[in-house]
Amino acid sequence: SSSAETLSQKAWRWADITGFYTKWHSRRAWILDLDPPSRAASVMMTEYERKLLLWLTFVNFCFMPISLWYWYGQFTHLASKPPIPLMPEYQYMNGRKHDFTWHAGRWNDCKECRWLELDCKKMCFDRLREQGREVGASARRVLRPSASTELRTCAGGGQAVGQQSFSHLV
């Protein structure tokens with residue numbers, strides 16, 4: 001019973017909460033913890049291989065937090081741009097010198113920013129907000145049909161089909 005055990009036995013019992021020490025010292029306990037196909041195959045495994053497998057499992061378990069720490073550190077590096085060499089000034093390099101108003105639409109103020117250069121656009125939009133300009137109004141636009149809705153007839157069925165023109169944004 002648990003009241004008859006010594007303090008040392010109680011400490012070892014609580015230290016063996018996962019059953020690792022029991023499986024380390026008892027081949028029978030280790031075999032009973034396996035699934036049936038592995039139990040059948042365990043007769044071909046030596047004692048050295050069994051303990052090596054338990055040791056490698058323990059070491060893998062101990063290195064898991066370190067592996068996750070390194071993975072998270074590398075994963076956060078995806079948010080930063082790598083250092084790249086400065087490209088020489090050719091006529092087709094450094095598109096920031098060129099005017100990008102041909103695709104900017106309403107935001108011709110951010111003409112120094114390329115299309116997907118989000119850091120540049122964020123700085124530009126922050127500068128526009130500081131000037132009191134409304135930023136993000138284009139996201140709140142709603143498509144509505146125009147007043148000119150033309151009706152035409154289908155060639156097959158002769159029924160009228162309404163074709164709406166979404167030529168303007170409100």
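The following passage describes the fold, the confidence and one local contact of a predicted model. In this predicted model, local features need pLDDT of at least 70 and side-chain atom pairs count only at pLDDT 80 or more, whereas totals for chains, interfaces and linings use all residues. Residues are numbered from 1 along each chain as its sequence is written, and side-chain values use heavy atoms, with hydrogens and water left out.

The chain contains 6 helices and 2 strands, where helices (H or I, at least four residues) and strands (E, at least two) are DSSP runs numbered from the N terminus, and along the sequence these elements follow the pattern α-α-α-α-α-α-β-β. Of the 170 residues, 12% count as buried, that is, under 20% relative accessible area with a 1.4 Å probe, protein chains only.

Confidence is expressed as pLDDT, the predictor's value for each residue from 0 to 100; the mean for the chain is 75, and 65% of its residues reach 70 or more. Where pLDDT is low, the predicted coordinates should not be read in detail.

E5 lies in the segment before α1 (7-15). Its side chain is joined to that of R13 by a polar contact of 2.8 Å, a polar contact being a pair of N or O atoms within 3.5 Å of which, within protein, one must be able to donate a hydrogen and the other to accept it, while residues adjacent in sequence count only if both atoms are side-chain atoms. Leaving aside neighbours within four places in sequence, E5 is in contact with K10 and R13.

Note on methods:
Contact means heavy atoms within 4.5 Å. Buried means under 20% relative accessible area, exposed over 50%, partly exposed in between (1.4 Å probe, protein chains only).
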